[in-house]
Amino acid sequence: MVYKKRLDGRKFDETRKIEAKTGVIPRADGSAMFRIGQTLAYAAVYGPRELHPKFLQDPAKGVLRCKYNMMPFSGAGDRVRPGTSRRSKEISMVTEKALLPSVELEDFPNAVVDVFIELPQTDSGTRCAGICAASMALADAGIVMKDLVSAVAVGKVDDKVLVDMTYDEESYDGEVADIPVAMMPRTEQITLLQMDGEITKEGLMEALELAKKALKKIYEVQKNAIKQKYELK
Amino acid sequence: MGKLLVNDKQVVVPGEIIAEGMDFIPTAGTYRDKEQVIASKLGLVNIDGRLIKLIPLTGKYMPKKGDTVIGKVIDITLNGWRLDINSAYSAMLILKDATSQFIARGADLTRYFSFGDCLVATIINVTSQNLVDLTMKGPGLRKLPEGRIITVSPSKVPRIIGKQGSMVSMIKDATGCRITVGQNGVIWLQGEPRSEMVAVETIRKIEAEAHIQGLTERIQKYLEKKKESKENGLQEKA
């Protein structure tokens, strides 16, 4: 069997419908919502604030702490066990590393910026949605940054290279590769690149080109959403 | 000749290119990458000749030398007081800068300023590690008596104060409250409970609409309306 037409009828280089908004959590210093298809991510940023316990402080530069969490009811009906898991810990770490190159840490020595990412509803591409939301929330919090970070998953199903897979596509019975990519759009510097499955060198290059194009579009959505909060009513 | 890619007073996000060319000079909130001048914060672009500046729209307070802030005493140390100044960094007020009175060695420092006291103080020094030193010597610097403390976004403070303090004087005149605004976004008010409420509501309104033009006129109207309704309310009672 060959994957000719996508399950939800999208083009192979088309992302799901994206919606974004900032300032969704009033008590946080910065916050954002990012929705791509059925995947929904909320991010709240607190800080820069004092870092405790004190031994974690770094006198040369500030610290960025990320926490990624899928809510218990967020999956396809199977309850996600609440609390930290091996998977969520790993994704927290890669999210942090994807955001780090954009954040100017030298501006707040000995202090910390906390980023909390919650996913009330998931349908693949959660870490990418989380990174997009987190980057917007950081900007909304007024943190000094080089650029925003945009993220999307690309992949391969059978012999088709495609962008932004759903869970159903990922579970396709055959050759599947899932590659989350995060990038700072202005310099096209890649800050996250992971892969599940297998792909040829040529396939990977093709997938990255596809990701680049999709990310530019996502970047525009993020940018407009951040500005919208300050538009005249 | 370089060219500008955004208009004056336009909102930009971090990473957005503001101008191209070496004849523009990046200042606060912007940086240069080769030929481009880029925003490093969410803010409003301010173009002043060749200088490009960003006026931040959000963000926590970052201590700056010369700022007058309102702080709360959180600790007493060997040589002074530690104050929370609504920032990631606390500030030190040392004995020498606290008062011109003589304080004997080993004196009980809570007699001067105790835990929870709110002080108006000026920042005299900020180090690279953001260690902050304060002074209480200067006009208007004092321990605050009872009143109401509210916090606002520090980026909105210039609008709350207004040009030469015009906005805050307007609120003072309209409500009869005593108001002190700290650069760190902490505001102290004292007055009749009802007028205190009006003053707080007005400040919240300024905070929400700070970036929209014609603010002063709107606030003036708002205060007049509040005053009228208060007078009407009194008549009904009588």
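In which hand does α2(A) pass α4(A)? Hello everyone, let's start there. α2(A) passes α4(A) in a right-handed crossing; a crossing counts as right-handed if the near helix is turned clockwise from the far one by less than a right angle, and as left-handed if anticlockwise.

Some housekeeping first. This is a predicted model, where local features need pLDDT of at least 70, side-chain atom pairs count only at pLDDT 80 or more, and totals for chains, interfaces and linings use all residues. Residues are numbered from 1 along each chain as its sequence is written, with chains lettered from A and ligands numbered from 1 in the order in which they are written.

Back to our helices, which are DSSP runs of H or I with at least four residues, while strands are E runs of at least two, numbered from the N terminus. α2(A) and α4(A), residues 201-228, pack at an angle of about 35°, with axes 10 Å apart. Axes here are lines fitted to C-alpha atoms, for helices over the stretch in contact, and angles run from 0 to 180 degrees between N-to-C directions. α2(A) contributes A:Cys132, A:Met136, A:Ala139 and A:Asp140 to the contact, and α4(A) brings A:Ile218, A:Gln222, A:Ala225 and A:Ile226. Contact means C-beta atoms, placed from the backbone, within 7 Å.

α2(A), residues 126-140, also meets α1(A), residues 86-99: their axes come within 10 Å and cross at roughly 45°. That makes α1(A) oblique to α2(A), since angles under 35 degrees count as roughly parallel, over 145 as roughly antiparallel, 65 to 115 as roughly perpendicular and the rest as oblique. This crossing, too, is right-handed. Among the residues involved are A:Ile91 and A:Val94 of α1(A), and A:Ile131 and A:Leu138 of α2(A).

Now the sheet in chain A. Five strands form an open sheet with mixed pairing, in the order β1-β2-β3-β5-β4; strands pair if DSSP finds at least two bridges between them. β1 (18-22) and β4 (63-70) of chain A stand at the edges with a single partner each, so one side of each has no neighbour in the sheet. Neighbouring strands are turned by 15° against each other on average, direction ignored. Inside the sheet, β2 (30-36) and β3 (39-50) of chain A pair antiparallel over 7 bridges, and A:Phe34 has A:Ala41 in β3(A) as its bridge partner. α1(A) packs on this sheet, touching β4 and β5 (111-121) of chain A, and its direction makes about 140° with that of β4(A).

Finally, the contact between chains takes 17 residues from chain B and 28 residues from chain A.

Conventions:
Two residues are in contact if their C-beta atoms, placed from the backbone, lie within 7 Å.
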